[in-house]
Amino acid sequence: MLFRWMSTLSVAPLALLFVFAIGCSSSDKPELVEVTGNITKNGKPLVDAMVEFYPEAKAGVSAGVTDAEGNFKLNYVTGEPGAAIGKHTVNVTGGRVAGAPEPATPKVDLAKIDAMSIGVESGEIVAPVADPTRASPSAGGPPAPVILSAEVLAGSTAPIMLTMP
């Protein structure tokens, strides 16, 4: 009896490994199409924006970043170029209109870094690097993504043109 139970225990991990390998096979990956595109706002390129394509069908996300002309190229979640065929919800986060000044970067005094980690310097309270009260766009935090839609067509090589509202 003990031998049967031990035999079952030794086979169980192998069976789970087999099921896992089948479930995670490359056949689960959708057909990908290389996707390039361009984003504009008020007729000007949107620079340094994160572009994420979320397919309506069961598939992974594809993402890219716009260059100085607002152009992007998508890579699938596996790192391969492209996106799944079909309709997508497109999230555009960050970026700026070409020619607009770059957003200000907060200055950090490197001499205070150690003191900031504990929050006190010579009895004086030091503000944290990230201000939790500025977590929402209305409080001056990062803006929410702009949500657009696009369709990736099988065999298409035409760039996807997106316009920000």
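# Pairs and burial in a predicted model

Tutor: The protein chain has 2 helices and 12 strands. Their order from the N terminus is α-β-β-β-β-β-β-β-β-α-β-β-β-β. The model is predicted.

Student: What is the mean pLDDT of the protein chain, and which residues stay under 50?

Tutor: The mean pLDDT is 74, and 59% of the residues reach 70 or more. pLDDT stays under 50 over residues 1–25, where the model has 2 contacts beyond four places in sequence. It also stays under 50 over residues 112–136, with 22 such contacts.

Student: Why is the pair of F53 and F72 called tilted?

Tutor: The ring centres of F53 and F72 are 6.1 Å apart, and rings pair if their centres lie within 6.5 Å. The angle between the planes is 50°. Planes under 30 degrees apart count as stacked and those over 60 as edge-to-face, so 50° makes this pair tilted. The structure holds 1 aromatic pair.

Student: What makes F53 and F72 a link between distant parts of the chain?

Tutor: F53 is in strand 3 (residues 44–55) and F72 is in strand 5 (residues 71–73), 19 residues apart.

Student: How do you know whether F53 and F72 are buried or exposed?

Tutor: Buried means under 20% relative accessible area. F53 has 0%, so F53 is buried. F72 has 4%, so F72 is buried.

Student: How many salt bridges does the structure hold, and why is the contact of K29 with E80 called one?

Tutor: The structure holds 3 salt bridges. A side-chain nitrogen of Lys or Arg has to be within 4 Å of a carboxyl oxygen of Asp or Glu. For K29 and E80 the N to O value is 2.9 Å, so the pair qualifies. Side chains of opposite charge can pair when their charged atoms come close.

Student: Where in the chain are K29 and E80?

Tutor: K29 is in the loop between helix 1 (2–23) and strand 1 (32–33). E80 is in the loop between strand 6 (75–76) and strand 7 (83–84), and the two are 51 residues apart.

Student: Why do K29 and E80 count as partly exposed?

Tutor: Partly exposed lies between the 20% limit for buried and the 50% limit for exposed. K29 has 33% relative accessibility, so K29 falls in that range. E80 has 31%, so E80 falls there as well.

Student: What makes E34 and K73 a salt bridge, and which parts does the pair tie together?

Tutor: The closest N and O atoms of E34 and K73 are 4.0 Å apart, and the pair counts as a salt bridge. E34 lies in the loop between strand 1 and strand 2 (36–41) and K73 in strand 5, so the pair ties together parts 39 residues apart in sequence. E34 has a relative accessible area of 54%, so E34 is exposed. K73 has 46%, so K73 is partly exposed.

Student: How do you know that D48 and R96 form a salt bridge?

Tutor: Their side chains meet at 3.8 Å, N to O, and the limit is 4 Å. D48 is in strand 3 and R96 in strand 8 (residues 86–97), 48 residues apart.

Student: What share of the protein chain counts as buried?

Tutor: Of its 165 residues, 24% count as buried.

Definitions and conventions:
Residues are numbered from 1 along each chain as its sequence is written. This is a predicted model: local features need pLDDT of at least 70, side-chain atom pairs count only at pLDDT 80 or more; totals for chains, interfaces and linings use all residues. Side-chain values use heavy atoms; hydrogens and water are left out. pLDDT is the predictor's confidence in each residue, from 0 to 100. Contact means heavy atoms within 4.5 Å. Rings of Phe, Tyr and Trp (its six-membered ring) pair if their centres lie within 6.5 Å; planes under 30 degrees apart count as stacked, over 60 as edge-to-face and the rest as tilted. Helices (H or I, at least four residues) and strands (E, at least two) are DSSP runs, numbered from the N terminus. Buried means under 20% relative accessible area, exposed over 50%, partly exposed in between (1.4 Å probe, protein chains only).
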